[in-house]
Amino acid sequence: MNIALTADPPVATTSPRARWTLFAASFGFLMVSLDATIVNVALPTLSRELGAGLTQLQWIVDGYTLMFAAFQLIGGSLSDRLGARRAFTTGLGLFVLSSLACGLATSPSMLIAARFVQGIGAATQLPASLAMIRHAYTDATARTRAVGVWAAAGGAAVAAGPVLGGLLLVWLGWRSLFLVNLVIGAIGLLMTAKADATPSAGRRRLDPVGQVAVMLALSGLAFGLIEGGTLGWGSAPVLAALVMGATAGIFFVWWERRVPEPMLPMRLFAHAKFAAASVAGFVQNFAYYGIVFLLSLFLQNQRGDSALATGLIFLPMSIAAMTSNMLGGRLTGRLGPRLPMTVGQLVFALGLLGLLAAGPDAPYWVLSLTTLPVGVGAGVVVPAMTSAVLESVEPEYAGVASAQLNTARQVGGAVGVALFGTLVAGSFIPGLRLSLVTGSAALVIGSATAARWVRARQG
């Protein structure tokens, strides 16, 4: 299929403050996305230097994504209530301080606790970053392109995390993986000072009952999946955690339908485009975070590759993700989100099956090139599903809508790491193969959902 991308429709001129808004929001997304994957290459090092076991390594990764997911919705509510720029600045500051605590940690427990706080800071700033863009770019075409830039920053950070992590680990040690956020955060705060001020919807109430229900649901799910492989799936703590998670999840849906001012209005899911984007966000991070977690352990613990070599294996994927993020934004602006969401997830799934076909003894360059479709597919989907969410809601719900999308994404990532980690607990290579098949199947479901529920054109 030959799609011309040169003659774009005219776009309204954007102000300098709008561009500073985009830069600040993109830097924020880059930083929180980087910390979702940069730590993966350091897992064997953390095991040696801090004495962390497999379960603790899962919590070091999932503690961040769990709190990232659990506080997204209240972060979106705070963005709409206090104003996006103020919420973004608050979250960014908290993220920087907790990154410092991560870098100074002296035990697995201290690092896990600091990662929890990092997740709260990320959850506060991320929905605010999208709401800032939604406010600064009123023209739909300009906004779609801005979202493409924002998505490129986050997508490139997620993909480049293992590469940068490998370099920092070799040159400066594992603590530098977290301390680098002090520099990135300072740049982000300087840019935010020049960004557009955003209005607040101060009349909107917070929903503490809904927030507690979300935290209990996600905590129960994560604990059950992570500890199930160690304690046994029939053990009392695991069963209790899973039952608590399911009960809290059901209660959350019931409560949000009942409360006058819900944290997450259930009526948003009546928009097929919004629902399909949420499904895509979940399955994308489920497959991506879970597989990157396993591949990092596989390359270093099973094959004996160095941290730097492990990062370099992911380099083609990093470049592909960054490039396809920009392409995905342009395709979405021209064709709507349906095609990029549908095809991107299929390409991602084929990439995982390619890794399965390559096998554990494949040469270095084969494994590296096999990650290309993963980066391309994942990169194309992000701006499409983000634009789909922003287009399907009123401007005053931009914060909570983007929070819901990113909640789905972070829940998917947490479940992927927990489930795939459990699958390899007994025997690594068979568990890795089963994880690749599981991730591919989830992406096919997401692709079919997008093809069925999203219109071919925007609107």
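Predicted model: local features only at pLDDT ≥ 70, side-chain atom pairs only at ≥ 80, totals over all residues.
**Whole chain.** You will find 18 helices and zero strands. The radius of gyration is 20 Å, close to the 23 Å that the globule rule gives for 459 residues, so the chain is as compact as a globular protein of that length. The C-alpha trace spans about 55 × 50 × 40 Å along them.

Colour by relative accessible area next. Of the 459 residues, 59% count as buried, that is, under 20% relative accessible area. Then turn to contacts between residues at least 6 apart in sequence. Of these, 85% join residues at least 24 apart.

**Largest pocket.** Go to the largest pocket, which holds about 440 Å³ of space. Its lining has 16 residues. Select Leu218, Phe252, Gln404, Thr407 and Val411: these lie closest to the pocket centre. Next, show three helices: H9 (208-231), H10 (236-258) and H17 (398-423). These are the elements that each give two or more residues to the lining.

How many lining residues are nonpolar, polar or charged? Twelve are nonpolar and four are polar. No charged residue is part of the lining.

Key:
Residues numbered from 1 in each chain as written. Heavy atoms only, no water. 1 Å grid on protein atoms, 1.4 Å probe; cavity = no way out; pocket = protein on both sides within 12 Å on 5 of 7 lines; lining within 4 Å. Points joined across faces, edges and corners; volume = space filled by probe spheres on them. Helix = DSSP H or I, 4+ residues; strand = E, 2+ residues; numbered from the N terminus. Nonpolar A, V, L, I, M, F, W, Y, C, P; charged D, E, K, R; others polar. Rg over C-alpha atoms; globule rule 2.2 N^0.38 Å. Buried < 20%, exposed > 50% of the residue type's maximum accessible area, 1.4 Å probe, protein only. Contact = heavy atoms within 4.5 Å.
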